[in-house]
Each structure stands twice: as structure tokens, then as C-alpha cells.
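Hi everyone, thanks for coming along.

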Amino acid sequence: MAELSGHIKKADWKTEKHVPVIECPDTVKAGEMFGVKVTLGKEIAHPNTTEHHIRWITLYMHAEGEKFAYEVAHAEFNAHGESTEGANKGPVYTHHEVTVTMKTAKAGTLHALAFCNIHGLWESSREIGVG
Ligand SMILES: [Fe+2]
């Protein structure tokens, strides 16, 4: 049986439009709130149409010394121009970008997973220090 991890794609976000981009401070203070912005298509825009769009982004954190990763936030993007007039005729579109406010007592690695409705799962990660 194939493992799911084999279907989670990784690449450089500067050349691949599906890779989530995690923006946050390199180092934060223990227990102090900070913002993490996760988006994609920063260098090469990803389409946002009824037929082809980013469905969701989930942010996880694996804190140093912890056995498992923690889910930090999950954002669903549910408007892609659908309407009674047909595909791409609606006035409302959600952009695939989310800003999460969080805190951590430990340094670790942030992992973002994004799902494109026709190109599947994409992952990226970023270290975050606590100083
Ligand atoms: Fe796509």
C-alpha cells in the first residue's frame, strides 16, 4: 500500500506555484503571541477559478523534543466564483492566504500543507526559534 507521504509534493516556492509560503519571525519570545502568514503563489500566481483553486491550508508545529506535531490552524477557502449563473460567474472569491496568531514555549518547525483541487497536496516547512 502506498504511503500518503509519497503523494505530498515538495518544491521551491519560487519556481512552483503550489508550495505554501510561511512568513513569520525567525525567532520569537517564549509565550508571546506572533503572526504567521501562510499563502501561496507569491512568485508565480496560482489560479483561483471554480475549476482550479486552492481548497485549504493547514498549519502544524513540531516543537523540539515533542513526539508528535500539533495542528495550529486549518483554513478553508470556499468561494471560487461559483453561482447559479454557472462556473466563474459569481462575484465572490476567497484568496488562498491566512494569517494565524499563535504562541509557543518551544522552538521547532512549522509545517504548512496546502491542497489544490486538481494538483493535490503540497508541503513546506520553516524553522522557528525561541530566544
Ligand atoms: Fe493547482
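Let's begin with a question: how are the donor residues of the iron ion spaced in sequence? The pattern reads H-x27-H-x5-H-x63-C-x2-H. Please keep in mind as we go that this is a predicted model.

The iron ion is coordinated by His18 through NE2, His46 through NE2, His52 through NE2, Cys116 through SG and His119 through ND1. The distances run from 2.1 to 2.3 Å.

Are they buried or exposed? Histidine 46 has a relative accessible area of 6%, so it counts as buried, the cut-off being under 20%. Cysteine 116 is buried too, at 1% relative accessibility.

Let's move on to the salt bridges. How many does the structure hold? There are four, and I'll show you some of them.

One of them joins lysine 10 and glutamate 123, with the closest N and O atoms 3.9 Å apart. This pair also links distant parts of the chain: lysine 10 is in the loop between β1 (8-9) and β2 (21-23), glutamate 123 is in strand β9 (residues 120-130), and 113 residues separate them.

Next, look at glutamate 23 and lysine 42, whose side chains meet in a salt bridge at 3.7 Å, N to O. Glutamate 23 lies in strand β2 and lysine 42 in the loop between β4 and β5, so this pair ties together parts 19 residues apart in sequence. Glutamate 23 is partly exposed at 28% relative accessibility, and lysine 42 is partly exposed at 45%.

My last pair is glutamate 66 and lysine 106, which form a salt bridge at 2.6 Å, N to O. Here a loop meets a loop: glutamate 66 is in the one between β5 and β6 (70-76), and lysine 106 is in the one between β7 (97-102) and β8, so parts 40 residues apart in sequence are tied together. Glutamate 66 is partly exposed, with a relative accessible area of 23%, and lysine 106 is partly exposed at 33%.

Terms used:
Residues numbered from 1 in each chain as written. Predicted model: local features only at pLDDT ≥ 70, side-chain atom pairs only at ≥ 80, totals over all residues. Heavy atoms only, no water. Donors = N, O, S within 2.8 Å, 3.2 Å for Na, K, Ca; no water. Buried < 20%, exposed > 50% of the residue type's maximum accessible area, 1.4 Å probe, protein only. Helix = DSSP H or I, 4+ residues; strand = E, 2+ residues; numbered from the N terminus.
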